[in-house]
Amino acid sequence: MKRWRVASLAAAAALTLVLAGCGGTGGGAGGGSGGGKGELLVWVDNTRMPAAQQYKKAHPDLKMRIVTIPPDAGYVPTKISLANHTKSGWPDVAFLANPAEAATLASEKFGYAASLDDLVPKSVRDGFTPGSLDTCTFGGKTYCLRNDIAPTVLWYDATLMKRYGYQVPKTWAEYQQTGLKAAQEHPGTIVGAVNGKYGAGIYFGSSGCATRDTLSLTEVHIDLGQANCTRVADLLQPLARKKAVTTVVPIDPGFAKFGKGDKILMLPAPAWFGDFMFAPAFKVPKGRIAAAPMPTWPGESKPYAGQVGGGAFLVSAHAGGRTKEAVDLVRWMATDIDLQAKQPTYPAFTAAATKWGEAKSKDPYYASDPMPALTAAANALRPGFGAVRFEADWQSSFNDTLVKAIDSGGNLRSALASWQDKLEAAARTSGYTVG
């Protein structure tokens with residue numbers, strides 16, 4: 001079973017709990033928070049655990065318990081639902097490996113995430129990369145701080161580009177032309193992957209297609225008939241026909257065949273692919289992979305980036321007397337420059353990202369310094385890509401419509417209408433009105 005299907009089932013379980021009436025209490029004095037022991041209860045994943053322990057060591061007078069949680073989609077909402085049901089056991093701080101879950105945890109039914117606008121100074125929030133807190137913001141209120149972001153860039157194999165005599169495309173039209181040429185001249189070569197969030201977040205996200213434009217915690221805008229959506233279908237249609245893009249999900253072990261066989265010419269993908277996919281998973285040798293800004297869409301002068309990944313910190317609305325300590329921890333975890341500079345993925349806090357990039361610029365794995373492209377992408381996140389409570393359905397419905405059309409040789413423009421219907425149904429089931 002593919003990971004996205006597991007994620008869909010987990011998130012669906014969390015949603016079922018919500019709809020079954022395990023709704024939140026909408027805040028409170030926090031008597032049941034912190035495990036009911038007057039301690040600061042912190043939930044983080046394995047990657048964030050050393051930092052949380054470092055904070056605990058630096059604050060010996062603070063009674064603090066750190067719990068390691070899995071990064072599985074739906075895990076935190078499910079556990080918070082159970083805490084809501086028993087009215088106890090809420091963590092004072094929770095890390096989300098999937099920031100879209102902030103939309104669930106900030107909702108009225110859950111009542112878990114505290115608004116941070118009066119708790120974290122605007123000067124601090126303004127220090128985050130522009131647009132990075134959009135997925136934390138609903139109805140003008142900020143409910144989380146991003147730990148890291150995953151802007152997309154155009155990764156490419158510089159060795160293959162030079163060998164084939166191709167130029168790195170600057171527009172999507174050039175990208176399409178290069179992909180079709182590569183498919184003809186070098187059969188089996190791919191220039192992209194279209195599956196789940198790796199299709200919806202990269203191509204449709206960077207184009208500004210309104211698949212999940214959150215207007216508030218209760219209203220979302222979905223419109224796949226607009227040009228920002230149809231132009232993506234028109235881009236992918238001939239590439240799909242010539243097998244220049246694959247529907248194999250990049251995190252699937254089967255995708256490695258493209259890397260081992262020198263078949264990945266280009267791959268629009270998130271920033272973290274540079275360190276965590278090309279060498280360890282795709283087996284692309286050192287000195288070949290480089291990064292360029294995402295291509296520019298027709299009629300635009302700026303190359304916008306899509307988003308696939310990242311994490312966020314939440315403070316509990318139930319923290320009560322521990323709110324100040326919870327906010328201080330979250331603020332430090334998300335904004336400390338020295339701490340964030342050592343993190344594995346692109347920091348959301350601008351000053352930390354600059355420091356983080358110093359080592360990345362010197363990394364001998366890359367054919368050239370990837371930071372100019374990564375920095376440009378981080379500062380060009382396409383607006384309108386909001387956190388939604390139907391994240392799992394957003395991914396699975398993309399595969400049930402667009403990916404099926406690609407695999408069957410169908411018409412992608414026609415598939416957009418089916419995707420629209422599924423998205424609207426998922427949104428309404430999740431408690432949204434669709435505008």
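The exposed residues K57 and A58 sit on the face of helix 2 that is turned away from its buried side.

Colleague: What kind of model is this?

Modeller: A predicted one.

Colleague: Which residues of helix 2 are buried?

Modeller: Helix 2 covers residues 49–58, and M49, A51, A52 and Y55 are buried there.

Colleague: Now the rings. How many aromatic pairs does a search of the whole structure find?

Modeller: The search finds 25. Take W172 and Y175. Planes over 60 degrees apart count as edge-to-face. Here the planes are at 80° and the ring centres 4.9 Å apart, so W172 and Y175 form an edge-to-face pair.

Colleague: Why are W172 and Y175 separated by about one helical turn?

Modeller: Because they are three residues apart in helix 7 (residues 172–185).

Colleague: Are W172 and Y175 buried or exposed?

Modeller: Both are buried.

Colleague: Which residues do ring pairs link into a cluster?

Modeller: W155, Y198, F255, F258, W272, F273, F278, F282, Y365 and Y366.

Colleague: Where does the charged end of R212 sit?

Modeller: Over the ring of W394, 4.3 Å from its centre. R382 lies over the face of Y304, at 3.8 Å from the ring centre.

Note on methods
Residues are numbered from 1 along each chain as its sequence is written. This is a predicted model: local features need pLDDT of at least 70, side-chain atom pairs count only at pLDDT 80 or more; totals for chains, interfaces and linings use all residues. Side-chain values use heavy atoms; hydrogens and water are left out. Rings of Phe, Tyr and Trp (its six-membered ring) pair if their centres lie within 6.5 Å; planes under 30 degrees apart count as stacked, over 60 as edge-to-face and the rest as tilted. Helices (H or I, at least four residues) and strands (E, at least two) are DSSP runs, numbered from the N terminus. Buried means under 20% relative accessible area, exposed over 50%, partly exposed in between (1.4 Å probe, protein chains only). A charge sits over a ring if NZ of Lys or CZ of Arg is within 6 Å of the ring centre and within 35 degrees of the ring normal.
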